[in-house]
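Trainee: I would like to learn how to read the features of a model step by step, with the general idea before each case. Could we begin with the aromatic rings?

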Amino acid sequence: AAGLTWFQGGDFVQSLAVLAIMPVLGYVTFGRDPKHDKGLDTVKQRHSHKLDDLSARVGMQMERVREAASIHGDRDVMPRIRNFDAGVEALLSAAMHDPERVGTLRKFFGVYLDGAAEASERFASVYTGTGDQAAKAKYLNLLDKLATAFDAKAHDYAAAGRTKMDIQIDVLGDSLNTEAL
């Protein structure tokens, strides 16, 4: 408080000097536009980062699945891998269109996709070494189940987004009808 006595005492020249310096310090600190992005992500940017990370992770996991399947080059496996890949892409596409609920897909893009990659690598090592037909049948069954599950989840995810929209429209419509009375 003792250092500010000149300001409280009314020294007009010093007060003007402080007033002249304050905008300069504000400009140096915040830049020309203080509301401009200062490294804080908006909700849209966070969703975008999340989706970019998810897309990269899904791409890496599916690459592991494709690489494992290509090791033994079995004609029956590759069409099933493509079918599974299409289901994963459908779900990822649905997530891209409604990023707010992408957290609900954690099990699919985490547990199931990681499990599929690990199972594919294990199958490749077992089948390449032994040609075990029972292992092949079990693996093909797994790929069919995964493809079906990912396709169904993509459909459900898109339908849930539609349901949410329908509810919002109905609620707004009811509110407008009530206001009109």
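Mentor: The rings of Phe, Tyr and Trp, the last taken by its six-membered ring, are said to pair if their centres lie within 6.5 Å. In this predicted model, Phe84, Phe108, Phe109, Tyr112 and Phe150 form one aromatic cluster, and a search of the whole structure finds 6 aromatic pairs.

Trainee: What is the geometry of the pair that Phe108 and Tyr112 form?

Mentor: Planes over 60 degrees apart count as edge-to-face, and planes under 30 degrees apart as stacked. Phe108 and Tyr112 have 85° between their planes and lie 5.0 Å apart, centre to centre, which is an edge-to-face pair. Both residues lie in helix 5, which covers residues 106-130, and they are 4 residues apart, about one turn of the helix.

Trainee: Is Phe108 buried or exposed, and where does Tyr112 fall by its relative accessibility?

Mentor: A residue is called buried under 20% relative accessible area, exposed over 50%, and partly exposed in between. Phe108 counts as buried because its relative accessibility is 12%, whereas Tyr112, at 33%, counts as partly exposed. Another pair in the model is that of Phe123 and Tyr127, whose ring centres are 5.1 Å apart and whose planes meet at 20°, so this pair is stacked. Phe123 and Tyr127 also both lie in helix 5, 4 residues apart, about one turn of the helix. Phe123 is buried because its relative accessibility is 5%, and Tyr127 is buried with a relative accessible area of 11%.

Trainee: How far is Phe123 from Lys138, in sequence and in space?

Mentor: Phe123 and Lys138 are 15 residues apart in sequence, and their C-alpha atoms are 9.5 Å apart in space. Lys138 is found in helix 6, which covers residues 133-180, and Lys138 counts as exposed because its relative accessible area is 66%.

Trainee: Let us turn to charged side chains. What is the general idea there?

Mentor: Side chains of opposite charge can pair when their charged atoms come close. The cut-off used here asks for a side-chain nitrogen of Lys or Arg within 4 Å of a carboxyl oxygen of Asp or Glu, and by this rule the count comes to 7 salt bridges. One of them joins Arg57 and Asp114, whose closest N and O atoms are 2.9 Å apart. This pair links distant parts of the chain, with Arg57 in helix 3 (residues 43-72) and Asp114 in helix 5, 57 residues apart. Arg57 counts as partly exposed because its relative accessibility is 32%, while Asp114, at 19%, counts as buried.

Trainee: How should I read a single helix, and what lies on its surface?

Mentor: Helix 2 (residues 12-30) has 19 residues and reaches 27 Å from its first C-alpha to its last, close to the 27 Å expected. Just after helix 2, Gly31 takes a positive phi of about 85°. Leu16, which is found in helix 2, counts as partly exposed because its relative accessibility is 43%. Phe12, Leu16 and Leu19 form a nonpolar patch on the surface, with about 340 Å² of accessible area together.

Trainee: How many helices and strands are there in the protein chain?

Mentor: There are 6 helices and 0 strands, and of the 181 residues of the protein chain 26% count as buried.

Definitions and conventions
Residues numbered from 1 in each chain as written. Predicted model: local features only at pLDDT ≥ 70, side-chain atom pairs only at ≥ 80, totals over all residues. Heavy atoms only, no water. Helix = DSSP H or I, 4+ residues; strand = E, 2+ residues; numbered from the N terminus. Expected span 1.5 Å × (residues − 1). Patch = residues over 30% accessible without salt bridge, like charges linked within 9 Å, V, L, I, M, F, W, Y side chains within 5 Å. Areas by Shrake-Rupley, 256 points an atom, 1.4 Å probe, with all protein chains shown as cover. Buried < 20%, exposed > 50% of the residue type's maximum accessible area, 1.4 Å probe, protein only.
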